[in-house]
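Q: Could you walk me through this model and show me how to read its features? I'd like the general idea before each case.

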Protein chains: 2
Amino acid sequence: MRVTFLPDDVTVDVERGVSLMQAAELAEVQLHAPCGGKGTCGRCKVIISGSVDAERDSHISDAEWAAGYRLACRSGVAGDVTVMVPDPPELSRPRVLVRTPGEVSNMTPIVQRSSIEVPVASMDDPTALLERVLGSAGEGIGASVPLDLIRSLPEVVSQCNGSVDVLLGAKGLVTVLPRGSVYGMAVDLGTTTVVVNLIDLDTGGTVAGAAGYNDQILMGEDVLSRIERAEEGDLERLRQLALGSINRLTVEAIAAIDGSTDQVTTAVVAGNTAMAHMMLGVDPSSIRYHPYSPAFNASPMLSAGEIGLKILPAAPVMLVPGTAAWVGGDITAGVVSSGMHRRSELSLLIDVGTNGEVVLGNRDWLMCCSSSAGPAFDGGEVACGMRAMDGAIDRVGSDLGFHVLGDAPPRGICGSGLIDLIAAMLEQGIVDRKGRLQDHISVTERDGIKEMTLCPGIAVNEDDIANLIRSKAAVFAAIRCLLRAAGLTIGAVERLHLAGGFGHYVDPDNAVAIGLLPDIPRDRFSYLGNSSLAGARDVLLSTPRRLEAREVAASMTYVDLSTSPEFFDEFTSALFLPHTDLSLFPRPQ
Amino acid sequence: MRVTFLPDDVTVDVERGVSLMQAAELAEVQLHAPCGGKGTCGRCKVIISGSVDAERDSHISDAEWAAGYRLACRSGVAGDVTVMVPDPPELSRPRVLVRTPGEVSNMTPIVQRSSIEVPVASMDDPTALLERVLGSAGEGIGASVPLDLIRSLPEVVSQCNGSVDVLLGAKGLVTVLPRGSVYGMAVDLGTTTVVVNLIDLDTGGTVAGAAGYNDQILMGEDVLSRIERAEEGDLERLRQLALGSINRLTVEAIAAIDGSTDQVTTAVVAGNTAMAHMMLGVDPSSIRYHPYSPAFNASPMLSAGEIGLKILPAAPVMLVPGTAAWVGGDITAGVVSSGMHRRSELSLLIDVGTNGEVVLGNRDWLMCCSSSAGPAFDGGEVACGMRAMDGAIDRVGSDLGFHVLGDAPPRGICGSGLIDLIAAMLEQGIVDRKGRLQDHISVTERDGIKEMTLCPGIAVNEDDIANLIRSKAAVFAAIRCLLRAAGLTIGAVERLHLAGGFGHYVDPDNAVAIGLLPDIPRDRFSYLGNSSLAGARDVLLSTPRRLEAREVAASMTYVDLSTSPEFFDEFTSALFLPHTDLSLFPRPQ
């Protein structure tokens with residue numbers, strides 16, 4: 001029977017009854033198993049699709065069980081099965097990033113702490129406890145108060161002898177706690193990766209973070225295939241997988257600072273429109289059908305409890321609003337984080353992933369679009385492609401020397417390495433401008449297709465190169481269409497913001513050399529890093545940023561490329577290295 | 001083994017294994033059993049305290065099971081057991097009370113309906129669905145929207161081709177429904193009785209109602225004993241019993257109009273402070289200890305879902321605010337319903353029950369107090385006392401002729417009958433002003449105590465009369481203390497409002513004759529009926545009434561009688577029939 005482990009996509013054949021833990025060992029897939037497979041630690045949790053004989057276990061909740069979570073050491077193979085390993089140790093280890101306190105000035109977080117002394121009741125003034133607390137906090141009788149708080153109030157106030165912290169949101173009381181630190185949570189809910197940061201609400205400093213895969217990968221690598229799964233009836237499972245991914249990382253981050261769930265009193269989540277729908281359990285199908293009108297772009301302020309996030313149930317949770325079905329809250333967060341909407345200079349923001357989103361504008365206007373780049377930059381559609389993890393070649397020099405991530409032999413090439421490789425091959429004449437491989441010592445033919453071998457076992461063929469060219473052409477054509485819609489040329493762009501992990505790792509010269517990014521002076525390049533996460537944090541900590549996020553999302557003009565005849569022309573023109581029109585790329589030539 | 005059935009307090013001895021259904025037959029206690037005891041209809045639900053062998057049944061939820069609900073036909077006696085029969089048919093039959101539409105003018109209910117047409121999305125305007133709905137309803141992006149609504153919105157709007165009703169509350173959307181009637185629910189959560197009315201939010205008319213016992217009776221007849229049970233760890237069970245009582249009646253009322261749960265989109269509950277605490281699951285213990293400061297007097301607007309009411313989960317639910325531990329939302333509702341706070345005339349509002357609450361004042365000022373009258377008027381502490389149900393003597397003439405409720409032989413005397421009886425005995429000289437029975441053909445002695453027999457098997461003795469005198473003295477002393485605190489005399493009272501079922505059934509001349517009510521001209525008497533329910537309805541339908549309820553509750557001056565030396569003097573002076581000071585009762589003498 002065949003067992004496939006994701007996200008590594010490693011397959012192993014075993015006999016019926018072999019445990020998934022044993023199968024993982026055979027497949028050299030690393031699982032957490034501090035207890036050695038005795039079923040006591042609950043750390044070898046995987047998500048299965050297929051047939052296993054599994055024992056119910058107290059480490060797995062009802063909702064997780066329904067979503068396919070199982071303990072690998074307690075699950076026997078009973079048929080072909082696909083196993084998602086949700087927690088590769090190298091990704092999920094919490095990174096504690098203590099920053100200097102007081103770094104953020106003029107903080108106005110979604111919930112604000114106020115330390116109060118609750119007056120003691122007397123026969124002369126037997127005012128009810130809740131009214132005394134509201135009065136001390138400067139709130140009126142119309143303030144909202146969660147029922148759980150009314151219930152816990154007598155005990156909390158009594159235990160603290162009236163010296164308590166009150167957390168106030170826009171509508172009223174969020175919680176009342178003993179004096180101590182309180183945190184907000186910023187979440188980047190990516191299609192592939194989820195990152196959670198805990199932020200001290202007094203200092204604005206990030207005190208802990210954790211990152212891991214979005215467990216939804218089990219239901220499809222890209223957004224479109226997951227929307228299809230939702231339409232087939234798997235929406236609830238997709239919701240559980242997204243929440244499970246966030247909650248697992250939340251628990252790790254809280255544990256890293258010895259905190260408690262109830263100290264996390266607000267959260268902001270940034271994700272694309274489909275992720276936002278699935279996390280809330282809202283049907284995302286309209287996202288993939290004409291006229292691409294989602295169920296919501298801006299959600300109201302919700303509570304962690306109604307969503308299912310494992311923080312204080314009454315914590316207000318904001319999803320960063322999006323602009324359209326294919327330009328979501330992650331892009332709004334990127335804009336807010338870049339500050340391009342506050343400056344007069346013309347900026348271009350590019351987020352390259354399976355979808356390439358582009359935003360153009362300044363403080364007076366903003367336009368945006370999205371084009372389907374395909375998964376080539378994420379390691380898909382390329383035979384030797386892989387994600388940026390241990391064993392991935394992430395850098396290739398012009399001499400075809402290369403660097404491998406982690407202390408591992410090379411297993412494949414990730415996006416930044418592929419771009420370097422194509423640029424080097426173009427420079428050396430190994431590939432021509434149409435993407436055809438030339439005669440060269442490293443170029444051989446297999447099954448009638450020419451391939452170039454970088455090192456033993458790792459090669460790119462002409463199909464791979466064609467896929468890469470289509471991906472970079474889609475992004476560049478989107479940039480060109482947006483500029484044309486604004487009546488501007490590439491040269492007018494004063495600042496180019498590269499968003500996302502890809503933007504962080506890519507070599508800008510090589511990205512320009514292959515025609516992925518426009519050829520403007522390199523000192524105009526700005527690297528935002530994880531701007532979805534940074535924007536979520538900004539929105540969490542600042543009322544002006546929250547208002548800006550809503551304003552940006554609501555006011556950006558969305559240019560739909562799927563109905564644009566110009567886009568096809570631009571795309572076709574970009575199917576060369578770097579482009580049909582070489583005058584667009586004057587510098588590196 | 002001994003089985004005691006409440007609220008009738010009938011006891012029967014049976015052998016182990018006999019079903020509660022059979023025991024009820026032996027005890028002549030009526031149970032619903034449309035299926036004849038086969039366990040299929042689920043209507044013979046009772047609440048047990050003691051030992052039974054019961055089968056789990058799909059008619060009983062987890063929460064109900066934990067609270068002690070069982071099917072009588074599927075429960076065998078396994079020891080001494082007390083059985084609460086929650087639903088005497090004569091009390092709970094829904095009364096459909098259709099009123100004329102349009103009766104209420106200037107309605108401003110807690111949620112208001114707005115019929116909208118949701119614009120269709122197009123490529124030119126692919127605005128997200130939620131934003132289109134909010135825009136059509138005139139709401140901004142900051143409006144609150146329940147997550148359940150975001151989830152259901154695509155299907156509801158699609159099914160109705162965009163022609164939907166939007167229900168708007170103070171903070172945003174409450175629900176979106178197909179066109180049709182929508183209702184609000186007014187609830188009187190009494191210590192003994194619960195009444196639920198459904199009100200059409202377009203006309204203001206009451207379309208259905210249901211009344212039944214508060215199942216908490218199983219945990220104690222009066223408020224104090226229930227607070228003690230809460231302190232002993234039974235708060236959650238008390239909460240479930242209160243909610244179960246309301247929910248059972250809600251289901252009946254909705255069924256009476258062939259409605260659905262989701263059409264009931266808001267609710268207002270009026271109850272005393274202890275009932276409000278227990279319904280919300282908030283520790284009520286501070287209510288019975290010095291300085292009598294409750295956990296809350298005014299609760300925030302909550303949702304039906306967080307409380308556990310079986311109406312639309314997102315429905316805003318308001319508890320009518322109270323003033324103090326012993327003057328709760330039922331009294332505020334009574335004041336609002338009476339209108340005394342809007343008029344210049346000096347009014348006195350009296351609510352006689354196990355506690356006697358009294359409010360004095362006019363549009364400029366309000367004062368209130370509470371005194372413990374004891375259960376005599378509710379049928380307790382009197383050997384032949386019973387509640388006003390079938391078989392109760394509710395009227396006694398001056399010739400000692402009497403009237404019995406329902407088509408039944410007399411089983412006891414309810415509060416109004418007891419007052420009539422004492423007044424008649426006083427008039428005929430059978431009892432003297434100190435409550436001592438005189439020589440009379442009906443007066444005999446049993447176990448050394450004199451008793452007066454009204455009819456075979458029904459008699460009152462001197463202990464019963466002493467209890468009744470103490471009860472009426474407590475109420476009258478409260479009235480006197482409040483007037484003294486205001487520097488006024490009884491003669492200054494221009495309107496006397498009698499609240500509650502007791503006020504509705506009592507004969508005013510007889511109540512004055514025994515010294516329960518003050519002797520003022522009868523044309524100043526006003527009978528409010530169930531003013532707790534009427535006030536809840538007023539608050540539900542009118543923004544001004546909601547504001548008035550808050551204002552009344554917050555501004556009433558509470559006079560604490562437990563620390564008042566005057567109260568003891570007044571109480572002692574009132575331990576005569578009608579009073580020590582006969583000049584206070586000039587008219588009927």
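A: Let's start with burial: a residue is buried if 20 or more other C-beta atoms, placed from the backbone, lie within 10 Å of its own, exposed if 12 or fewer, and partly exposed in between. Helices are DSSP runs of H or I with at least four residues, strands are runs of E with at least two, and both are numbered from the N terminus. This is a predicted model, where local features need pLDDT of at least 70, side-chain atom pairs count only at pLDDT 80 or more, and totals for chains, interfaces and linings use all residues. Residues are numbered from 1 along each chain as its sequence is written, while chains are lettered from A and ligands numbered from 1 in the order in which they are written.

Q: Which residues of α14(B) are buried?

A: In α14(B), the buried ones are S531(B), S532(B), L533(B), A534(B), G535(B), A536(B), R537(B), D538(B), V539(B), L540(B) and L541(B). That is 11 of its 11 residues, so to speak a mostly covered helix.

Q: At what angle do α9 and α14 of chain B pack?

A: Axes are lines fitted to C-alpha atoms, for helices over the stretch in contact, and angles run from 0 to 180 degrees between N-to-C directions. Here α9 (residues 329–338) and α14 (residues 531–541) of chain B pack at about 75°, and their axes are 7 Å apart. Under 35 degrees counts as roughly parallel, over 145 as roughly antiparallel, 65 to 115 as roughly perpendicular and the rest as oblique. That makes α9(B) roughly perpendicular to α14(B).

Q: Which residues of α9(B) and α14(B) meet?

A: Two residues are in contact if their C-beta atoms, placed from the backbone, lie within 7 Å. On the α9(B) side you'll find, among them, D330(B), T332(B) and A333(B), and the α14(B) side includes S531(B), S532(B) and A534(B). For sorting them, Ala, Val, Leu, Ile, Met, Phe, Trp, Tyr, Cys and Pro count as nonpolar, Asp, Glu, Lys and Arg as charged, and the others, Gly among them, as polar. The contact of α9(B) with α14(B) has 5 nonpolar, 7 polar and 2 charged residues.

Q: Is A553(A) buried or exposed?

A: A553(A), found in helix α15 (residues 543–555) of chain A, is buried, with 26 other C-beta atoms within 10 Å. A553(A) and T332(A) are 221 residues apart in sequence, yet their C-alpha atoms are 5.9 Å apart in space. Not counting residues up to four places away in sequence, A553(A) touches N297(A), A298(A), P321(A), G322(A), T323(A) and T332(A).

Q: What rotation superposes chain B on chain A?

A: Two copies of a chain are related by a rotation about an axis and a shift along it. Copies are superposed by least squares on the C-alpha atoms of residues with pLDDT of at least 70 in both. For this pair, a rotation of 180° with 0.0 Å of shift along its axis superposes chain B on chain A, with an RMSD of 0.1 Å. That is the relation of a two-fold axis. In chain B, the C-alpha nearest the axis belongs to K171(B), 4.6 Å from it.
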